[in-house]
Every structure is written in C-alpha cells, then in structure tokens.
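Student: Could we go through a protein model together, one question at a time?

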Amino acid sequence: MHYVIVGNGICGIEAALALRQRDERARITLVSDEHDHFFSRPALMYVFAGQTTLRETEPYDRNLYERMGFERQRKRVATVASPGKELVFEDGSRLAYDKLLLAVGSKARPAPWPGGQGPGVHAFVTLRDLEGLDRDAKKGGRAVVIGGGLIGVEAAEILHARGLHVTFVVRESWYFPLALDDKEAALVTEHMRHHGIDVRFGVNVTDIVHGEGGGPRAVRLDKGDEVACDVVVSAIGVVPNTGFLEGSGLALARGGAIEVDDGLKASAPDVYAAGDCANVTWADGSRRPEQLWYTARDQGRVVARAMLGDEVTYRRGTWYNSAKFFDIEWTTAGWVPALLNWDNTPLEVGAEIRSWFQRVPGQFVSQRVVVKGDRVVGFNMLGSRWDHEVFLQWIHDRRSLDFVLAHMAEAQFDEEFTPKFRVLSPVGPR
C-alpha cells in the first residue's frame, strides 16, 4: 500500500506516524516544498524575534523520516489526477498513490485593498511569509498591521520587539470580538498600548499607497487618516490552501475547503482531507474548517485510522484553545458567547446564559466563567496559566458555578509564588 500525504505540518506528520504504527510495511510519502522537516508553525513568531531558531522548532530529530521509513518529495503539487490516482507536480512529474491525504493547511487571505499586493506588503502564516517579512522589517522603521486576530497581535508584538513603530489597525470596535468581550478586550488593548503600540479601532483600510521605490509609503483609512509606513502586514485571516485543486474534480465548499464526510473522506475514491483545509461538521451541525493546531493534530490521527480501513466518525469535542497577547496568557474552554458580526450586536444567547467576571485590580489578569442554567459551560481566562483539561472535566461533569469558584485554584498552574485565584467579585452570575 502506498500512502501519499500532501502537507508536512502537524496534521500530515501525525497521520504519517499513526499509519506507520499500524502498518510497518507500507510505503509512506510526505510531499511539501516548505521545509525539509516538520516544524512547529505557532513558534514562527519566536524565530522572527530571535528567541529561537527554526531548527529548534522541530519537535523530532532529523533522522525521523529515515527511521520511520518515510519517503520525502519536496515539490509543489499542480493538481490531483484522481481518476488515475496520481499527483501531478508543477515540474510535470507524477506520483501514483493508493490512498491520498490532503493536509495542505491554510494560507493568508489575500489583501483586498488597492495596493495590497507588491513589495513590502506581507502576511505572517508560512515560513516563506516569515522570510519575506524578516528581509523588509528594519529596526527604526514604521509598520502597519491590519486585522484584529491572533496573527495580527503576534505580528505587532514581533515587529515592536525588533524596534519598529507599530500601528495596529482593527475594523471592529474592540480587539478580537470573536473571542473576547468588551471588558477583556479593553484589558488586552490597555496592555498593547502600555507596550507602545498605536492601536486604532473602528477604521477600515481604503488603500495602500506605494512610494517611488515600490514599497509602501502609507496606509489610508476611511476616516481620512493616512498612516505613514515602511512595511505592512495583512492579518485578516486565512483561507484553505486549495487553489491547486480547482479542476481536479474534488468537491470544494464555498471558500475552498475540501468537502469530506464524517470519516474525513473526500469526494474522489481513496482521497481524504484533514486539518485546516477540510470542511467538517461541528457540534452545532454547521460545516466549516477548524483552523486550529489542536484540531489538525486530532484530525491527523483520526484520518489515519480511516485510511487504514477503520470505521471512524470525526467530531470535535468541547472547544479549547490557548495563546498569548504579548505576555498576557489566554486560556479558553467550552462555550463562550462572542460577537459574531461587526456592528456590536451581541449574539442572542438567551436569558439562561450568564457570565461571572472579575479583573484583578492593578493587573492585566481577568477570569470569566460562563453559566447556562445551573451549570458552567465555558471559561475565558486572561493573564495567568490554566489547565484546560480541568476546565473540560468540570464542563463535562456539569459542575455549578459555586463548585467551580471553590475549586478554581486546582486548575491554575502558574509558576511558584504566583498569587492563587481568589474570588474578588460577587458570586452571583450576571
């Protein structure tokens, strides 16, 4: 059996390892032109900042592929010839497969504004993106970061750390409304401004003006402002990296994600898709990609079982995630109501949904616990470290708010001498 995996990220490598664990004799080929080895993509910001090297982001030793018997093709795929079960590469060569996994991930959403393409305008998703931004971002320069999500705040942080003056342009009325409420966003914004970031909310970019040398000179905003700059980072989200599949016959959803069934099988025989590029069913019945490191890992393990012939059904469990906003830790788990549009209209969650919230005075630390009826259903924690496994267990055990607040310190795992959680606000949820 020849398994071919297109994509060398967390989804692809987890699938390859799971396949090898069950089938010692199979031929397994990994295809990717980004890097010779698997690396941790979330760590790219630390490579840019000089805090680590790319080599140090590789979780496995460089003998892994040889030791596991993996073949390696460092090429770009032009299309999938599914009737003949072949990959066609851009150089014209072909590779036959018995079973194919497309784990091709995401790429940056193209900048839509006039002047949004060209020298000095960057994204920050792939290794190539890092290399281009690294060349153009010079200490003492001026940078504009557009887009108020996780990639945007990472770009603002690393450019600031390099010594650039950073303006952070966000079209929404506060930072990251898909994950933070107004009080939490205010905390993060205060912290960014404390670091010297010029944060501007409620503004849209109209165009990017390029100078005589070809690079950006300024970013124009819809309120008439013009922000001078030497480099621009567009961080307005990601899209499935599936443009090469147009004309392949594979069914694609609106937006380009690969349609898969509950076993992560695509529309062509013996073709599977997983990770950021797969259109999967969520717990609420909707279908969309899960663009998250954790879910890519989990899907890689599940799809390997499907390729081996097991009967599998992929369903994402209870939501969780973690990240950092500069040096503010963020841990979220369960269901946390958020704004789903851009005009500040709260999501209708019903009278039975309430939140208990407190901010620690004088610190960039807050806790929000979401309650539905008489049980806790979600957590949103800023400024300290928490074990999401404990949160998930409490959600699954349908624990009450009183129980959770009484045991909250058990989920905290900050370093020694960090103050432990205390209830500072009234316990009654609002």
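Student: How many bridges join strand β23 to β26?

Tutor: Happy to start there! This is a predicted model, in which local features need pLDDT of at least 70, side-chain atom pairs count only at pLDDT 80 or more, and totals for chains, interfaces and linings use all residues. Residues are numbered from 1 along each chain as its sequence is written, and side-chain values use heavy atoms, with hydrogens and water left out. Strands are DSSP runs of E with at least two residues, helices are runs of H or I with at least four, and both are numbered from the N terminus; two strands pair if DSSP finds at least two bridges between them. Strand β23 (residues 328-334) runs antiparallel to β26, with A333 opposite F379, and the number of bridges joining the two strands is five.

Student: Which residue takes a positive phi in the hairpin of β25 and β26?

Tutor: Strand β25 (residues 366-372) pairs with β26 in the antiparallel sense over seven bridges. K372 stands opposite R375 of β26. Two residues lie between the strands of this hairpin, and the one with a positive phi, near 65°, is G373.

Student: Why is β26 largely enclosed by the rest of the structure?

Tutor: Look at how its residues are covered, where buried means under 20% relative accessible area, exposed over 50%, and partly exposed in between (1.4 Å probe, protein chains only). Strand β26 covers residues 375-382, and it is largely enclosed because the number of its eight residues that are buried is seven.

Student: Which strands stand at the edges of the open sheet?

Tutor: Follow the order of the five strands, β22-β23-β26-β25-β24, with antiparallel pairing. An edge strand has a single partner, so one side of it is left without a neighbour in the sheet; the two strands placed this way are β22 and β24.

Student: At about what angle does helix α8 run to β26?

Tutor: Axes here are lines fitted to C-alpha atoms, for helices over the stretch in contact, and angles run from 0 to 180 degrees between N-to-C directions. Helix α8 (residues 388-396) lies across β22, β23 and β26, and its angle to β26 is about 160°.

Student: How far apart are the end C-alpha atoms of helix α7?

Tutor: The expected span is 1.5 Å times one less than the number of residues. For the 15 residues of α7 (residues 293-307) that should give 21 Å, and the distance in the model agrees, because it is 21 Å.

Student: Is T29 buried or exposed?

Tutor: T29 sits in strand β2 (residues 27-31). Its side chain joins that of H2 through a polar contact of 2.8 Å (a pair of N or O atoms within 3.5 Å; within protein, one must be able to donate a hydrogen and the other to accept it, and residues adjacent in sequence count only if both atoms are side-chain atoms). Its relative accessibility is 1%, so T29 counts as buried.

Student: Which residues touch the most other members of the largest nonpolar core?

Tutor: A nonpolar core is a set of buried Ala, Val, Leu, Ile, Met, Phe, Trp, Tyr and Cys residues joined through side-chain atoms within 4.5 Å. The largest one has 55 residues, and those touching the most other members are L87, L100, L101 and L102.

Note on methods: Contact means heavy atoms within 4.5 Å.
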